[in-house]
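I opened this entry to look up two things.

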Number of protein chains: 2
Amino acid sequence: MRDFTENLKPAVPTGPDTLAKERSQSSLPVDDLSAHLFPDGFLERQERICKELQKHKVFSKQNQMDLARPDRYKVGLARAKMTRRIAEKLNWDDEDHQMAEYLIDEMSPYALQTAMFIVTLREQGSDEQQAQWLPKAEAWKIIGTYAQTEMGHGSNVRGLELQARYDPKTKEFIFHSPTLTSSKWWPGSLGRTANHAVVVAQLMLPDKAGIYKSYGPHPFITPIRDMKTHKPLPGIVIGDIGPKYGYPAMDNGYMLFDQFRIPHSAFLSRYSKVDPETGAYTKPVNTAVVYGSLTYVRAKIIMHARLVLARAVTVAVRYLSIRRQFRDRDGNQEGAEMAVLDYPTVQIRILPLLATTFALHYSGRAMRELYEKTRRDISSGDFSALAEMHSTSSGLKSLCTTLAADGIEVCRRACGGHGFGGGTGLIALNNEYLSKPTVEGDNWMITQQTSAAIIKQVSTVIANPDAKFADFTSQNLQQFYKAQKYTDKGILLDILHNDKAIVDAFSKRVADVSFKAHKERIEKKRSWNSMLIQLHKLSRAHSQAMLVRHFHEALESDSTISSKLQPVMRDCFRLFALYTMDIEAREFYNAGGVTNEQLDALPDRIQELMAKIRPHAVNLVDAWRIPEYLLDSSLGRYDGKVYEALFHKAHRLNPLNRETFNPNFWEDEIVMGKNDSEAILAKL
Amino acid sequence: MRDFTENLKPAVPTGPDTLAKERSQSSLPVDDLSAHLFPDGFLERQERICKELQKHKVFSKQNQMDLARPDRYKVGLARAKMTRRIAEKLNWDDEDHQMAEYLIDEMSPYALQTAMFIVTLREQGSDEQQAQWLPKAEAWKIIGTYAQTEMGHGSNVRGLELQARYDPKTKEFIFHSPTLTSSKWWPGSLGRTANHAVVVAQLMLPDKAGIYKSYGPHPFITPIRDMKTHKPLPGIVIGDIGPKYGYPAMDNGYMLFDQFRIPHSAFLSRYSKVDPETGAYTKPVNTAVVYGSLTYVRAKIIMHARLVLARAVTVAVRYLSIRRQFRDRDGNQEGAEMAVLDYPTVQIRILPLLATTFALHYSGRAMRELYEKTRRDISSGDFSALAEMHSTSSGLKSLCTTLAADGIEVCRRACGGHGFGGGTGLIALNNEYLSKPTVEGDNWMITQQTSAAIIKQVSTVIANPDAKFADFTSQNLQQFYKAQKYTDKGILLDILHNDKAIVDAFSKRVADVSFKAHKERIEKKRSWNSMLIQLHKLSRAHSQAMLVRHFHEALESDSTISSKLQPVMRDCFRLFALYTMDIEAREFYNAGGVTNEQLDALPDRIQELMAKIRPHAVNLVDAWRIPEYLLDSSLGRYDGKVYEALFHKAHRLNPLNRETFNPNFWEDEIVMGKNDSEAILAKL
């Protein structure tokens, strides 16, 4: 369809010209920064996989926002199959496969196969069970899910209702759902795809008198569908739970059992054991070990957050550099209007988030190192670091996913009208990502784990004020404790001019909040639940201090931050830290070390830092190297052709524009010339 | 399909039992509160229209989340037609019709007909133009849109690029789109539905030498589609812009013109005039009047916000009373788990929002009164209040829609896992409502209008310190000015025990922020743009003070708040005000009148207030009387059958569960037994 619009161009200055100017005005070496952020082959892998995916039509995202949810599942399944076939053909390793899923950018119907199903079999299955199941699972001959959460219980795993009652006579377990709320609910891949499941149920064993008692939730492995017909096995009801905020391609499912029998060998018995003859129970050496795979997933979530936020910020920074609105009220009323990103009210929303991407990066890196170290320790039988790993990952998971989830929406809203349109690339991202503040530990709940650990550490420090502690948290608490004892409020920290003073202010503040919580809980014996808000704030203070400290450590000691990168990255560090401090200013004041006058000066200092970072904004987001295919955004395109892309998508691709409608309210007809009102009602 | 799940019930205590207990434990008279909130026939109308809608299948919301976006438009059009037909048959008035749209709860393809198209014709059309167009428009024989926003310009109306060039020879205007960015973009109903449009274009008139000059944007009325074929008229390109965050049923459109001629009479000439012979321009007496319909829409948005937030809070309060999670860590480990709403970390997210619904109510009411008064003034030729109406509505629109939009998401996240599922009723609400912080004046931009007005008022007060001012803002500034001059910081305000002191603290804080902004801008001549963040904070302080003041005034003087309502409503007032104060605590400290010690005491005071309000939470949300049809929520049902509804929707209604899939990655087939892989690719 050719028409006069083909000859039209956007008003000047154009997007491409604007971005070219933005890129040349900054001295920041983009390639150096990329190399620093991705030293490990990530970018090479990203490019290679991205090229391959774009060869196949099934991975096209062009019209997917127009599809009905059932079609999104079907497309998702087709994509998941194709991905696996390509992986076999091209000999992809696990990381290649994960990269493909990251780029396709939807929760796939096979998503639990590796991360949850196989990982659990490896971690919880005995050697015999692994020999029985892993070959089939790893070849994807069987498709698995991990069925733990129920309709009535998520966070409180101990409260799960599904029963697995052992019958020593037949040597079988009997799965039974006593209530509607005991239905499994949410497990990914369960609804339509999986034919096998790791199922978590209350292990119920008889004593000698035949009286049953629960030994808490334990994992079992079982087929759930017929391998030929793919129908649920007799005694099982399964289905997809329906549309959700995001995850349209994923079949999150429900499942109930009616006296369903599975053999004794279904009980995953690497750590816990049930004697097949007597039904006697042997408990694991370390109970924390059953949370291993959850902790792994949580660590991955944190590492993912920086890339998600970088994507949203990339869209916002590029578009808002190009988008123009009003002339300067006090300035020249001729010439081009101002770039939206030049308004401080836009900068204050976007540039701290740009700085946050780096903060997340350095703590993500630290988390990965901690996870790997912990895993090495565990495999050599040392479980001592697991508790710290769990507590650290809880607080950081909560803070980082909140920052990323809220950040996406801030970026989207900052894009104004076009931010509400389908061209942002941020709608699907938001819809998918909004699961993250809830899954794998609700962000408001899991912070208790962090705070509980810190309160314990305070007790230890008070009991051993002169001990030598290995971990930073205890060292910091100890220093604060001694300073309080001997010098009261301590010295003034020069947060406006000294980077180390900023780090110290965050350390001091978390120590202060820690001792106050300790006093309430331990000295005043205040009830835990009445302190929950305070405990949440403590975890946040702790995690913020970690983000600031890891960022600063990198600036001080990472030689891959070249001298050309240093000044801009330091300003990003200062912006992230002082912006965070400004929001929580009273806690810093109350901790001592900073004065009200200093805190009053923060807004101006923040604005000054934003003005310094602003010229580098486009180069900074470029360094994150989000590929166009993943970005999937008219607004955030690398080439700046924002308006051309928006118009092309609407005018050439939108299926709704292929039909002509009847607008007369007194006529039933909807599409002109079709008598379609019945057909439309039938869809409802 | 009958199966064993039919006999299953949720675990005890059940939802219905829990809600019955919640309702009986509170002494709050729900009917009294409803009567107070809706004194004007709203509830009667709501019930009457709701009943009617539910008679027709087309209004069923049951499966709409499963539909593709093009089908959502078709259903939307079918619903809009049916609504109009029912309205004719039952003789509905405008408010009845608006109630129907509110209950159907989607932006309808006819949504601009009344609020924008007809209103603009009425406000901007000359008597002859009204005679020509209004009868057809009011009978909906023609369907109209209001086409102002362009691809390249939204907020800056003066920057619109579409040209309307007058040709005195033919006495025609020539619409022409010189660039791609001059394309109209966003107007509702434009994409597929409307056949007429009010189009805003740069009025270009020739001087005597024939040189054209722009007289700024002006509205025109023109047909845009052929009344028989519904195809765009020659010289016009029109289409739907594609999927957006929300508004799936609305065809937001684009439109470009290629030398498209319209008669002189198309120029809406109630205020501005163009001499048909010479092209000479007569400007309107008061230029602000052209923003009349925008201000009307903005006022409506504010009045709507309270109901939107009330809906989200209703879902959260009911579900979180029923949902149980963990036992009290310090308490009894037997019996039922704790209701989630009993955790302070949940209360701190939900209960201040519950209090906010009332705060929005009283200021919405005040806004409506101000709007009506202003309209009366205007029709009697008095434009003096228009500026205040504009500035007040700007700040309140910004604050209220931000509170409501963020509040929906807070409620959704607080619902945990099920909050991410389709059963909340909050997903569609969120998607629709997320437009509101942007439309009709971006929330970060329009606050400038409020702040500019306040800075002017400060100047006036300083110049006339002893004048008698009629408006509260000036009186407050005057009082602060004099107190500062003579008593420095003033007296201590007992915010923890005295309601009036709370109001005074908000007044003092906004006055302090106002004088500081005035000093920067007027004394120090600081540039406007460098002050934007500070100006945004000033507007927020002003609007928050209004919310607090209107709430308090109602408690003091509205006799329909009965003595049984007073204590709970007072606690809601305190919670809203002190929660807000806690977030902005440093501004209150800096204004003087409250001490750090008082501010440190706020968290405990807030927790105490929440504990007092908690037993009344279900009754308080019940009083908002959100009908089940509008709520459309498994979690928020009045009867508390949360789990039954979730399961019913998934197990009985989800269309995806009607097909069986092939999970084998080495086979192309998606739905079992169908060779459907090509058909699926074709949808992409």
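Before reading off partners, I noted the rule: two strands pair if DSSP finds at least two bridges between them. I also noted that this is a predicted model.

Entry on strand S5 of chain A. I started with S1(A), residues 144–147. Four bridges join S1(A) to S5(A), and the two run parallel. Within S5(A), I found A:His196 opposite A:Gly144.

Next I checked S2(A), residues 163–167. S2(A) pairs with S5(A) over three bridges, in the parallel sense. I looked up A:Arg165 and found A:Met204 of S5(A) as its bridge partner.

Then I turned to S6(A), residues 212–223. Here the sense is antiparallel, with ten bridges to S5(A). A:Phe220 in S6(A) stands opposite A:Val199. I followed the chain through the hairpin of S5(A) and S6(A), where five residues lie between the strands. There A:Gly210 takes a positive phi near 85 degrees.

Why is S5(A) largely enclosed by the rest of the structure? I counted burial along residues 196–206: nine of the eleven residues are buried, so the strand is largely enclosed.

Entry on the interface. How many residues of chain A are in contact with chain B? I get 118 residues of chain A, in contact with 117 residues of chain B. Helix H4 of chain A, residues 69–89, gives the most to the chain A side, with eleven residues. I sorted that side by class: 52 nonpolar, 40 polar and 26 charged residues.

Technical notes. Residues numbered from 1 in each chain as written. Chains lettered and ligands numbered in written order. Predicted model: local features only at pLDDT ≥ 70, side-chain atom pairs only at ≥ 80, totals over all residues. Contact = placed C-beta atoms within 7 Å. Nonpolar A, V, L, I, M, F, W, Y, C, P; charged D, E, K, R; others polar. Buried ≥ 20, exposed ≤ 12 C-beta atoms within 10 Å, placed from the backbone.
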